[in-house]
Amino acid sequence: MSIKHKIASLTTLWLIGILFIFNIIVYVSFLRITTDNEAELLEDRAQTLIEKTGGDQLIKGASTDLLQDYLPDYGLIRIVNPEGQVVQRLQADEQITQVETTTVKVMKRKLYKLGGQPILMVRLPILAGNLQIGTLEMAEKLDTLQENIRILISILSLSALGAIALSLIGGVLLSGFILRPISGMVSTMETIEQSLVFRKIPIDPGAKDELKAMASTFNRMMDRIEDSFIRQKQFVSDASHELKTPLTVIEGYASMLLRWGLKDEHNAREAVESIHAEAVRMKQMTQQLLDLASTENERKLAMEKIEMVSFCEEIAAPLRKLYHRMIPVQSAAQELYLMANPIQIKQLLLILLDNALKYSKRKIEILLAEINDPASEHSGVEIRVKDQGIGIAEKDLERVFERFYRADPSRHRETGEPVSDFP
């Protein structure tokens, strides 16, 4: 079942429940109010009869004409002595005489059902001074009440059916109006799924509801997915390009070995060494790719307190010996501490130093400074690797953090020198 039909069905069921409870309350209230009004009228008539005739005359046998004047339509007047015997009775309907005879000490009213007909009975004690000498029973068949109840039930039923029909129609129209933006969203999503072209959901600038918030969230998500998709394609393209060069070198030297064999020991050694170097390079590049994927998937890193001055000295020391270069570590303080992951900080420094060694033949410096900004409540350690290389063009600065990006693609990644064709 669609959401549209669910909304219409649930609203209709809710309305049916409300109408059912409301109709029961109306029916019970109408029956009680009408019965109370009829009972009060009947009590007044019975009390007037007692006052008019006096208690003694009713017990001894009052005039039939007088009783006839107070007899209700389709009613009953019955005089009962203290022993429960009927002294006098006058009725306009024989069926009503089937109501039981009872003596009472205080005024009471009761509603009976005979043959599906409601009969209201009022009983009043007949007093002579302080002595009770009998009971006056006055009853009336409530034909008018029965007819009014039938009319009320018909009106309530027709009103309920009309309200339910209007609720169904209104629920369908209202749900269609509410779900129209969602239908547009579904259509846009299906278009994206089929064409693989990223699209955005049009948003009404004047809307201020949850649907606008959902559409805005979807559009932001599409922006992020599209950006991630573009970056992924660029990453695959760059990685393929980077792996293509060592594979070409390996293929070239392997072909040379196949042609010339191992007869020329010098060329053979050169070919094997080149193949080994390129294989090592490919292994390192593959490991870098795995590290990048691991970094994206595992955001929680083990943090340690690092003393950065001695840490940078440990990293720079082997590079000084290997490249015979001056790589001093300069810091305003003897000790600077930083909470970070030591493996990734080391990897970052090695990458920066490696680039500096490739692109600069002169002095390279590692500069450390403490960051303590009370205004922004930021603190840490600033790390700079300063060289005297060719630098980066301003147009390339915003792309330096892209994977495998080189400002000058014509330069070799390992040496920074212009790339030459394979001999």
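## Strands β4 and β5

In this predicted model, strand β4, residues 117-128, and strand β5, residues 131-141, run antiparallel and are joined by ten bridges. Within this pairing, proline 125 has threonine 135 of β5 opposite to it.

## The sheet

The sheet is open and has five strands, in the order β2-β1-β5-β4-β3, with antiparallel pairing. The edges are formed by β2 (86-91) and β3 (108-114); each has a single partner strand, so one side of each is left without a neighbour in the sheet. From one strand to the next, the twist averages 20°. Strands of a sheet in general pair through backbone hydrogen bonds, either parallel or antiparallel.

## Glutamate 137

Strand β5 contains glutamate 137. Is this residue, glutamate 137, buried or exposed? Glutamate 137 has a relative accessible area of 0%, and because the cut-off for buried is under 20%, the residue counts as buried.

The side chain of glutamate 137 takes part in two kinds of contact. With the side chain of arginine 78 it makes a polar contact of 2.6 Å. The side chain of glutamate 137 also reaches the backbone nitrogen of threonine 102, at 2.9 Å. Leaving aside residues up to four places away in sequence, the residues that glutamate 137 touches include Leu76, Ile77, Val80, Glu100, Met121 and Val122.

## Aromatic rings

How many aromatic pairs does the structure hold? The number is zero. One ring does have a charged residue over its face: lysine 305 lies over tyrosine 337, at 4.9 Å from the ring centre.

Notes:
Residues numbered from 1 in each chain as written. Predicted model: local features only at pLDDT ≥ 70, side-chain atom pairs only at ≥ 80, totals over all residues. Heavy atoms only, no water. Pairing = 2+ DSSP bridges. Helix = DSSP H or I, 4+ residues; strand = E, 2+ residues; numbered from the N terminus. Axes fitted to C-alpha atoms, helices over the stretch in contact; angles between N-to-C directions. Phe/Tyr/Trp six-rings, centres within 6.5 Å; stacked < 30°, edge-to-face > 60°. Lys NZ or Arg CZ within 6 Å of the ring centre and 35° of its normal. Buried < 20%, exposed > 50% of the residue type's maximum accessible area, 1.4 Å probe, protein only. Polar contact = N/O pair within 3.5 Å; in protein donor to acceptor, adjacent residues only side chain to side chain. Contact = heavy atoms within 4.5 Å.
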